[in-house]
Amino acid sequence: MKKNMQNIINFDNYEKFRITSKFEMLKYLKQVQEEHVSLSLVFIKKDQNIYETKTMLFISTKDEIEAEILSVDLKRIEKQYGIKELLIQSRFELDGVQYLVEFNDVSLKSVENNKFSSILLNNIKNFIRVQRREYFRVSVPKDEELYLSFKLFNKENKRNVFYNKIKIIDLSMGGLSLYFEYPKTEDINMLLNVGDILEDVTLELPQITSFLQNEYTLNLEVRNIKNKKSTKMDMNAYSIGLKFVKLNGAFDRHLMILSNNYARKKHLHNYKDK
């Protein structure tokens, strides 16, 4: 897996999407916390990206916004740059919509002798809501199944793990979502994070015509990881949102035909239910 570096956001380009209500800003940030959505933090000094990480938000009853990062990194940043001197930008996704946030008053809550320490994001300078979905998304019908197979590197035990035929929930011309279960005793972040690139992923699609193959090898980018309700006591369940990277023409055609077939099937089903 390779990690993509985040670009610094020019918020002037998104003026028409700006949110100014503090109540509305906190509503979305609290949803991020409740749904355990992972988000990026990019630390900026004089228009340069000096550090970035993935983390979770915690919001207190007093509406204090708190984020955790590795203590060793936080100590280095504080010593080299000074936390109060930095601008922090963040990206996250809720329900297919991307949010861009900028904080310009950051303080150190505590530096302890543990793995993580906290910073307080005291002031929201910019808050942008961008509809990023370019393509309609369709659910995979209940009487059909699509699967994805891929290899992941577990950072905790330093070994590759192969996952065979993980169920696809929905798909579009831009990407797909998986239903993924992982043991409660293990940390999902040691396996998968937003921004990771999954390489040489195998996707099986139904054979539609003799001119199109039914198995494709792709690269996908992890766009979101959301908690889902698990049916197993010892497992956590997640919805993993993935974006297609560098598609070829044959796969595009196959995906378009399949998406249209699923959309038509859903429409007919809804019509019969009326």
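This is a predicted model: local features need pLDDT of at least 70, side-chain atom pairs count only at pLDDT 80 or more; totals for chains, interfaces and linings use all residues.
Biologist: Thanks! What percentage of the residues count as buried?

Modeller: Of the 274 residues in the protein chain, 45% are buried (under 20% relative accessible area, with exposed over 50% and partly exposed in between, using a 1.4 Å probe and protein chains only).

Biologist: And how many helices and strands are there?

Modeller: Three helices and 15 strands. Those are DSSP runs numbered from the N terminus: helices are H or I with at least four residues, strands are E with at least two.

Biologist: What about contacts along the chain, what share joins residues at least 24 apart?

Modeller: Among contacts (heavy atoms within 4.5 Å) between residues at least 6 apart in sequence, the share is 64%.

Biologist: Switching to rings: how many aromatic pairs does the count come to?

Modeller: Twelve aromatic pairs. Rings of Phe, Tyr and Trp (its six-membered ring) pair if their centres lie within 6.5 Å; planes under 30 degrees apart are stacked, over 60 edge-to-face, and the rest tilted. Take Tyr99 and Phe127: the ring centres are 6.2 Å apart and the planes are at 65 degrees, so this pair is edge-to-face.

Biologist: Which strands do those two lie in?

Modeller: Tyr99 lies in strand S7 (residues 97-110) and Phe127 in strand S8 (residues 116-131), so the pair ties together parts that are 28 residues apart in sequence. Tyr99 is buried at 3% relative accessibility, and Phe127 is buried too, at 1%.

Biologist: How are the rings of Phe180 and Tyr182 arranged?

Modeller: Their centres are 6.2 Å apart and their planes are at 20 degrees, so that pair is stacked. Phe180 is buried with a relative accessible area of 2%, and Tyr182 is buried with 4%.

Biologist: Which residues do ring pairs link into a cluster?

Modeller: Tyr28, Phe92, Tyr99 and Phe127. Tyr28 also has a charge over its ring, as the charged end of Lys27 sits 4.8 Å from the ring centre (NZ of Lys or CZ of Arg must be within 6 Å of the centre and within 35 degrees of the ring normal).

Biologist: Nice. Now Thr53, is it buried or exposed?

Modeller: Thr53 counts as buried, at 18% relative accessibility. Thr53 is found in strand S3 (residues 48-55). Leaving aside residues up to four places away in sequence, Thr53 touches Leu39, Ser40, Leu41 and Ile69.

Biologist: And where is Ser60?

Modeller: Ser60 is in the loop between strand S4 (57-59) and strand S5 (65-70). At 28% relative accessibility, Ser60 counts as partly exposed. The C-alpha atoms of Ser60 and Lys30 are separated by 9.7 Å, with the two residues 30 apart along the chain.

Notes:
Residues are numbered from 1 along each chain as its sequence is written. Side-chain values use heavy atoms; hydrogens and water are left out.
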